[in-house]
Amino acid sequence: MIQSIDYYAVAPPLILALTAGLVLLLDAFLPRRPFARPALGAVTLAGVIGALAVVVSQALRTGDPLRTFCVPEGLLGSPHAVIGAIAPLSTEQTATPAAAAPCSFVVDDFTLVFAGLALAAGIVVVLLSAAELAFGDIPVGEWYFLLLCTLAGAVALPASRDLIMLVVALELVSLPVFALTALRRYDGRSSEAAVKLFLVSVVSTAVMLFGVSLLYGTTGTVYLDRIAQALQQRVFGAPGLRLVLDGADTAYSSSLEIGYDLPAVVTVAMVLVLAGFAFKIAAVPFHAWAGDVYQGAPIPVAALLSVISKAAGFAGLILILLVALGGQGAVWVPLITIIAALTMTVGNLLAMRQRHAVRLLAWSSVAQSGYILAPLGTGRGEAVNASIAYLVFYAAMNLGAFAVVALVSRRSGRGELDDYRGLAFRNPAAGPALAFFLICLAGLPPGLAGLFAKIVVFRELLGGDGGWLAVVMAVNTVAGLYYYIGWVVRIFTPAAEGTETAGHAAGWLPAGVAIAVAGIVAVAFSVAPQLVLDLVPGALIAVG
């Protein structure tokens, strides 16, 4: 029996994959002329824009969510007819009607929001990449190929509805970033950052895979909705369990029951999966890698890590928690709450001590992860909308800040905050733009995008059982003003005579376009925040 494929549903990641292959071919056969670099950048940008156009067309269509890679009808059996599945003696739990055929790839509102976010951020990262590649010390074809692979994983991940595809898509996001970090030749700091990122990612993947294997072993399925059904049936630890082995119903009454504590296994699985995703989003206590990796990586890669990789991590975490483990909130809600409080607090404390621009943005990004996690700590399914809205607001503001940092770094190789002293006078466009992005991140007027983002989160926390977490977030928001406003003050403080440094000005045009794009989006979100709030309707995730 052949499984049908809906190519329209998988078109965005497919376009990115085909563009990646085309970039490699062009890099191999184009002559080494000055036009080769911008040509490869143009092809990459065209592929990302094309994938985004398909996502927009999918969002404008009406009807049910698109589904593909579904289990063929002839192969769909009883949810308990699997080797090692646990079946209850009672018939009450098997009286429910059979669920629809599970699918591995679903394009619903949740998928479209995250795919659109990743591709829109990808356009800015491609523009920043063109500025970075102007130096000529990075292989262009490999760079764009790896970048497109990362974007393909980021687009496919929110559509994943089984554990295997979820892990594969997440690794497709992560693995190319190691090489992107180390592609700058003869740079020991980049190589060190790549090794640190590799080691942390390998450990997080191993931890997460162990948790995923435990989930599969205790439920007998890899599909997220089926995992939720299996856990909801409350067969674990019930007296009189039977073990289905190759279709034979055998009473499980041997002494092996002593070591087969299913509730503990499920709890351990949830904790391990949560820890694996916490590594990916740099949540405390799995955050130590962020500062060194962001500083050592090329600035476009740091921007990618702070937005695209983080968005992919949150997409996978939300799918696991709400679709597969939605009925087990009593276990993971307290963990999420504590991690969110620690993440925003530690991130802000570390950011307050920084004197390097990229390191400050790195620890600020950790604090922002805490704000995004906070609504999930209420345990309410609708609270995820606040997390997604905050993530969209944050993406525009943070990408804009990184775009200005990329432009300034062309003129000063140090990257210190003092290099930005008097920037508003030296560059009347970049200086005020960076100040606006920082004020947005701080949540102060006129940066209303950040203010609206925080209000949405506060509303969800106060509407649920997160009152104390709202207090922690309020204190951290005030703490964040210290370093955001301190940076803004430097921008508008006249520099002393002779303090300006001359650097390489190549690549200023694509960096300027990236700043303009991010600035326009941030201003639009500040003037009309409903543009974001309308993206997150009530029924966001299709679980059928």
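Colleague: Is Ile281 buried or exposed?
Modeller: Ile281 is buried, at a relative accessible area of 1%. Buried means under 20%, exposed over 50%, partly exposed in between (1.4 Å probe, protein chains only). This is a predicted model: local features need pLDDT of at least 70, side-chain atom pairs count only at pLDDT 80 or more, and totals for chains, interfaces and linings use all residues. Residues are numbered from 1 along each chain as its sequence is written, and side-chain values use heavy atoms, without hydrogens and water.

Colleague: Where does Ile281 lie?
Modeller: In the loop between α8 (262–280) and α9 (290–296). Helices are DSSP runs (H or I, at least four residues), numbered from the N terminus.

Colleague: Which residues is Ile281 in contact with, leaving aside neighbours within four places in sequence?
Modeller: Lys310, Gly313, Phe314, Leu317, Ser369 and Leu373. Contact means heavy atoms within 4.5 Å. Ser369 is 88 residues from Ile281 in sequence, yet 6.9 Å away in space, C-alpha to C-alpha.

Colleague: New topic. How many cavities of 30 Å³ or more are there?
Modeller: The count comes to 5. A cavity is a set of points on a 1 Å grid over the protein atoms alone, where a 1.4 Å probe fits but cannot get out. Points are joined across faces, edges and corners, and a volume is the space filled by probe spheres set on them.

Colleague: What volume does the largest cavity have?
Modeller: About 110 Å³.

Colleague: And which helix gives the most to its lining?
Modeller: α6, with 4 residues. Lining residues have an atom within 4 Å of a point. Among them are Phe279 and Lys280.

Terms used: Helix = DSSP H or I, 4+ residues; strand = E, 2+ residues; numbered from the N terminus. 1 Å grid on protein atoms, 1.4 Å probe; cavity = no way out; pocket = protein on both sides within 12 Å on 5 of 7 lines; lining within 4 Å.
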